[in-house]
Every structure is written in structure tokens, then in C-alpha cells.
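Visitor: I would like to learn to read a fold from its coordinates. Can we go feature by feature?

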Amino acid sequence: MTDTVFTRKPLLAGNWKMHGLQADARQLAEALIPQLSPLSSIDRLVCPPFLHVGLVKQALAGHDIAVGGQDCSSQASGAYTGDISASMLKDAGASHVILGHSERRQYHGENGIVLKAKIEQARAANLMIVFCVGETKAIREAGQSEAIVLEQLRDVLAVLNVADCVIAYEPVWAIGTGLTASPEDAQSMHRTIRTFLQENLADGAKMRILYGGSVKPDNALTLSQQPDIDGFLVGGASLKAADFGAIGSALAQAKNS
Ligand code: PGA
């Protein structure tokens, strides 16, 4: 297990989703270098669409900014039209993969069974896993947020591992909506997740837990100041180099002070 994992080194991750052509990806990667390079006290990761992983890796060569995929197949290889395996991602230059994002759960019907298999594939390919959990608006209004988030963790508990997994708590109602969980609500859920991991997993309290959902430069500092928020998974604001850089600076500042 690396020191980075043991010390919960803050992680800033960008999820580019299905945005941009090759030239846009290259341009964004190049623009990120001056923004992110000085922030060596935090880990930095960008997750472009599959097709751009190789070129983004190339554009970032020589800089300590990791590249990840946004998903991978639950199978190692074979007749799975349209799928991308974890080892293909690794081969293209990825070191990480996002799994269980709410958009995969919602639009592709991904559930605990398939996500368990995906985690195992990612681990076999030596990829670091960013595993997403989060409740919908209806669940929150019904007062079931914690129960659902813990159920999503329980689904994959048997394959979670502090050495190569990071959790991202992303309330679905906050993703791409401009609504953010208040720092107190986010902290409270992160604490719940950490307690659960501590009680159910070896070294579980050391798992990094990211917050995601409309993270922007103007809310990044107060979120970063919460003791159980170890970083961010950023969608929309990760497509603007200056905004992503500002979020990273806020994170680095809060965690170093
Ligand atoms: P958002 O997306 O920052 O645009 O809300 C976050 C995510 O989906 O990872």
C-alpha cells in the first residue's frame, strides 16, 4: 500500500463525460498543465472519453497528472460489441477508472452485480478505481439517503480495497444541476461512509472519499474544509482549465492549512 493511500492525499479528479473532439481534448489537456502542475500536494486526474485517453496521456507526458477512463467492461475480453476492457484502458495510458457513476447506473442499468465484476476487471488490469455512490432527489426527500448510499457500498464491499479504491459520493440531484450539497450535509454523508468503511473493511477509515455534484471554484473551499472530504470528482467545471485549476488550488489550500 502506498503512502499516498495511507495519508489520504487529496485527489482532484475531472470527469469530462461525452464532451469534445480530439482537438478539444488536446487543447484542454495543454491548458491544464500550467493550472495543475504547481499543485503537487494533491493528486490530479482527468478522465476523458475512451477515444481521447491516448492523446490526452501524450499531451500530459512528463507532467504528474494521471489519466483515467469513465467506465470499463465487466468482462476481460471477447465478443462484447462496443465495450472497452480494463486492460485496453491501461494499455492506452490510463491508470484509473471511474465505476458506478450515476449516469451509468441510470442510462445503462448498471447494478451492484455488474459493478462488482467491473471492479474485479479494473483491479486485474492494475487500475485505480473511483467508485461512485449517491442518492436521487426522491430518495433524499424520503429520508433514505444514508440507507441507499450504504446499500450501494454493501453491494461491492467484498471487492473494495483501500489500496486501489477511492469512493466518490455524488448526490444525483446535485450532478450538473448547479445545486450542491451544503458543506455540512456533504460532511455528514462522508462521515457516515467513513464509519461504515472503518467498521467493515481493513483500514477502511483510510479510504479517500471524494465529493461530486456541481463543484465550482466558489464552493470548493468550504467543501474542502470539511474533514472527511478528501477531494472532488468534477464534471462541468473540469472542462474549463481555469475553473478546474481554481478548484484544485482551493483543495490544496484547505488541506495544507
Ligand atoms: P458536475 O458532475 O460537476 O457537472 O455536477 C459531477 C459528476 O458527474 O461527476
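Predicted model: local features only at pLDDT ≥ 70, side-chain atom pairs only at ≥ 80, totals over all residues.

Visitor: How many residues does α6 have, and what does it span?

Guide: Helix α6 has 13 residues, 112-124. From first C-alpha to last it reaches 18 Å, close to the 18 Å expected at 1.5 Å a residue. Just after α6, Asn126 takes a positive phi of about 70°.

Visitor: Why do residues three or four places apart in a helix point the same way?

Guide: Now take the case of α6. Its buried residues are Gly112, Leu115, Lys118, Ile119 and Ala122. They cover an arc of only 115° around the axis, which puts them on the same side of α6. The face turned away from that buried side carries Ile113 and Ala124, both exposed.

Visitor: What do the buried residues of α6 pack against?

Guide: Their partners are α4 (86-92), β4 (96-99), α5 (102-108), β5 (128-133) and α8 (145-156).

Visitor: Which residues of α8 are buried?

Guide: Ser145, Val149, Leu150, Gln152, Leu153 and Val156. Seen down the axis, they fall within an arc of 150°, so they line one face of α8. They pack against α5, α6, β5, α7 (137-141), β6 and α9 (183-200).

Visitor: What about the length of α8?

Guide: Its twelve residues should span 16 Å at 1.5 Å a residue. The end C-alpha atoms are 18 Å apart, which agrees.

Visitor: How many strands make up the closed barrel?

Guide: To read a barrel, follow the pairing from strand to strand. Eight strands run β1-β2-β3-β4-β5-β6-β7-β8, with parallel pairing. The twist averages 25° from one strand to the next. Helix α8 packs on this sheet, touching β5 and β6 (165-169). Its direction makes about 145° with that of β5.

Visitor: How many bridges join β1 to β8?

Guide: Four bridges join β1 (11-15) to β8 (231-234), and the two run parallel. Among the bridge partners, Gly14 has Val234 in β8.

Visitor: Is Val162 buried or exposed?

Guide: Val162 sits in the loop between α8 and β6. Its relative accessible area is 2%, so Val162 is buried. Val162 and Arg208 are 46 residues apart in sequence, yet their C-alpha atoms are 8.2 Å apart in space.

Notes. Residues numbered from 1 in each chain as written. Heavy atoms only, no water. Expected span 1.5 Å × (residues − 1). Buried < 20%, exposed > 50% of the residue type's maximum accessible area, 1.4 Å probe, protein only. Arc of directions from axis to C-beta. Contact = heavy atoms within 4.5 Å. Pairing = 2+ DSSP bridges. Axes fitted to C-alpha atoms, helices over the stretch in contact; angles between N-to-C directions.
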